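Hi,

Here is the structure I promised to pass on. Have a look at it first, and my notes follow below.

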Amino acid sequence: MSSPADSERDRLDSPRKREAIELFRGLPPRYDALSAALSFWQDPRWRRALVDAVAPRPGERVLDVATGTGMVAAELVRRCECTVVGIDQSEAMLARARARFAARNGARVELIAGQAEALPFADASFDALTVTYLLRYVDDPAATVRELARVLRPGARIASLEFGVPPLAPARWAWRFYTAIGLPALGRLASREWAEVGRFLGPSIRGFYERHPLERIVEYWREAGLEQVAVRRMSLGGGVLMSARRGV
């Protein structure tokens, strides 16, 4: 019979998570530039909107989950005199983030390796939290949202950015064509690793919303004790920005 510790290790070492780690292993050197170009420069705009949604304030402690190469963390500290803890499961992405902030003498950013499903922080540790493109890579999105909410202080702000599927038919047809044909073709021009990303993204995004419709994700947030949940579709629905506050 397996123990609770065994079950926890299995959850944090699932095929879905191993696939995500492998997918990102070869991307960091050109991740910032190519993620912008392949999204027609929408990804940087979405990330700025993510930071707008939590509106960091001087002196606050902000957690940036799935920090990747540190793009959102950099925008957070650019906005104000806050401190940021960035966490990611990919050592390759974190290495790129560390190089970014080493050139800025740390820039009030601490970077650590860890899992969003088991954050290494006490309850009520942060004044705000940002999370980028995470939920497709976890096995239990509802439990992960509860874990994100756990580390927020009462009244703290949280915002997340995910890819979306456009709801209106013309935009949805264009999105399907691009993710099925255009994105894989452009990825092949960049590298073998980006070709794999191009093939992966469309089915991954569609499959995620088939399992977890957006309305249900809103319920995950509310069930986790998050209030004033707002959903904003960006770029005709290609990006989905959600924001809320931890209940007091």
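**What I found**

In this predicted model, the mean positions of the chain's 37 positive and 30 negative charges lie 6 Å apart. Lys and Arg count as positive, Asp and Glu as negative, with His and the chain ends not counted; each charge is placed at NZ of Lys, CZ of Arg, CG of Asp or CD of Glu.

The model is a prediction, so local features need pLDDT of at least 70 and side-chain atom pairs count only at pLDDT 80 or more, while totals for chains, interfaces and linings use all residues. Residues are numbered from 1 along each chain as its sequence is written, and side-chain values use heavy atoms, leaving out hydrogens and water.

The C-alpha atoms fill a box of roughly 45 × 45 × 40 Å along the principal axes.

As for the inside, 54% of the 248 residues are buried (under 20% relative accessible area, 1.4 Å probe, protein chains only). Beyond four places away in sequence, Val-65 touches residues including Ile-87, Ala-116, Leu-129 and Leu-148 (heavy atoms within 4.5 Å).

Best wishes

How values were computed. Buried < 20%, exposed > 50% of the residue type's maximum accessible area, 1.4 Å probe, protein only.
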